[in-house]
Structure formats: C-alpha cells, structure tokens
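Please take a look at the sequence and the model first, and then we can walk through some strand pairing and some aromatic rings.

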Amino acid sequence: MLSAYLRLFDVGRRNLLAVHFRSMASYTRAEVDSHDAASDLWAVISGYVVDLTDFARHHPAGAQKIIARRQKNVDITSNFVDHFGHTVRAFREACREFDEKNETVILKFPEATEGQVRIVGRFTQ
C-alpha cells in the first residue's frame, strides 16, 4: 500500500510542493498466520497487524490464553475491544501514530509494567 504526504518548500520567492510517497507495510492472512507461536506471535486488531510476542509473556491471564485465542483466528478484534476503555484508547492513539509515521509503533499499556505490543503494519484480505 502506498501512502503520500505533501510538503511545502519555500524556495526564494516560490513555494514548491513536493509529494513524497512511502510504502506502508501490509500483510496478508497467510503472512500473519505464519506467526502463531509463543516465540513469534502476530495477530490482527481493527485492521492492524500487531506483534504480541513480548506482551503475551506478561499478560495477566497468561500467554496460553492469548495464543489459544489467536490460533482460532488471526483477527482478535472482538476479544481486544472487550478490554478497559483506556486500553482501547491507547491502541487507537498508537494506530493514528502508525498511520502518520508509517513505521512500527511500540505500545505500552499503563496498567502493564512489562510487555509491549508492536503495531507492524496493516492487514490486507
């Protein structure tokens, strides 16, 4: 997927408009499916591909619960949005940051002292 951003340059008395294109990381179901072990765990949440490897190790319910849920379906959005509002808000903010920067964003939840979620790309059907 390509995204673009515009940048206005002031060159002397002329303004130049430059369009910069950058490639946004996107992953298919097969690619996400290949990351289904405790040592390498990816999932889809609201159309974003997230690396849960580190987070799962530190999840209060234990890694096995997350792994089992993820192995049923790569898209765990319905399970994720059942969490506390501040967790979902933090995730949405990280998604906006990912879309703006088009690079991996590390998300840490305030209630979790260890473990992080990495947004690594967008999901393509």
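Which residue stands opposite Val117 in E8? The answer is Leu107. Before going further, please note that this is a predicted model, in which local features need pLDDT of at least 70, side-chain atom pairs count only at pLDDT 80 or more, and totals for chains, interfaces and linings use all residues. Residues are numbered from 1 along each chain as its sequence is written, and side-chain values use heavy atoms, with hydrogens and water left out.

**The chain as a whole**

The chain holds 5 helices and 8 strands; these are DSSP runs numbered from the N terminus, helices being H or I with at least four residues and strands being E with at least two. Along the sequence their order is β-β-β-α-β-β-β-α-α-α-α-β-β. Of the 125 residues, 36% are buried, where buried means under 20% relative accessible area, exposed over 50%, and partly exposed in between (1.4 Å probe, protein chains only). Among contacts (heavy atoms within 4.5 Å) with a separation of 6 or more, 51% are between residues 24 or more positions apart.

Strand E8 spans residues 117–123 and is mostly covered, with 5 of its 7 residues buried.

| Partner of E8 | Sense | Bridges | Residues standing opposite |
|---|---|---|---|
| E3 (residues 26–27) | parallel | 2 bridges | Tyr27 and Phe123 |
| E6 (residues 48–51) | antiparallel | 4 bridges | Tyr48 and Arg122 |
| E7 (residues 105–107) | antiparallel | 3 bridges | Leu107 and Val117 |

Asp51 lies in strand E6. Is Asp51 buried or exposed? Asp51 has a relative accessible area of 11%, so it counts as buried. The side chain of Asp51 makes a polar contact with that of Thr53 at 2.7 Å; such a contact is a pair of N or O atoms within 3.5 Å, and within protein one must be able to donate a hydrogen and the other to accept it, while residues adjacent in sequence count only if both atoms are side-chain atoms. Leaving aside neighbours within four places in sequence, Asp51 is in contact with Leu41, Trp42, Gln116, Val117, Arg118 and Val120.

**Aromatic rings**

Now for the rings. Those of Phe, Tyr and Trp (its six-membered ring) pair if their centres lie within 6.5 Å; planes under 30 degrees apart count as stacked, over 60 as edge-to-face and the rest as tilted. By this rule there are 4 aromatic pairs. One of them joins Tyr48 and Phe98, whose ring centres are 6.2 Å apart with planes at 90°, so this pair is edge-to-face. The pair links distant parts of the chain, with Tyr48 in strand E6 and Phe98 in helix H5 (residues 85–101), 50 residues apart. Both Tyr48 and Phe98 are buried.

Phe80 and Phe91 have ring centres 5.0 Å apart and planes at 65°, so they too are edge-to-face. Here Phe80 sits in helix H4 (residues 77–80) and Phe91 in helix H5, 11 residues apart. Phe80 is buried, as is Phe91. Together, Tyr48, Phe80, Phe91 and Phe98 form one aromatic cluster.

Notes. Two strands pair if DSSP finds at least two bridges between them.
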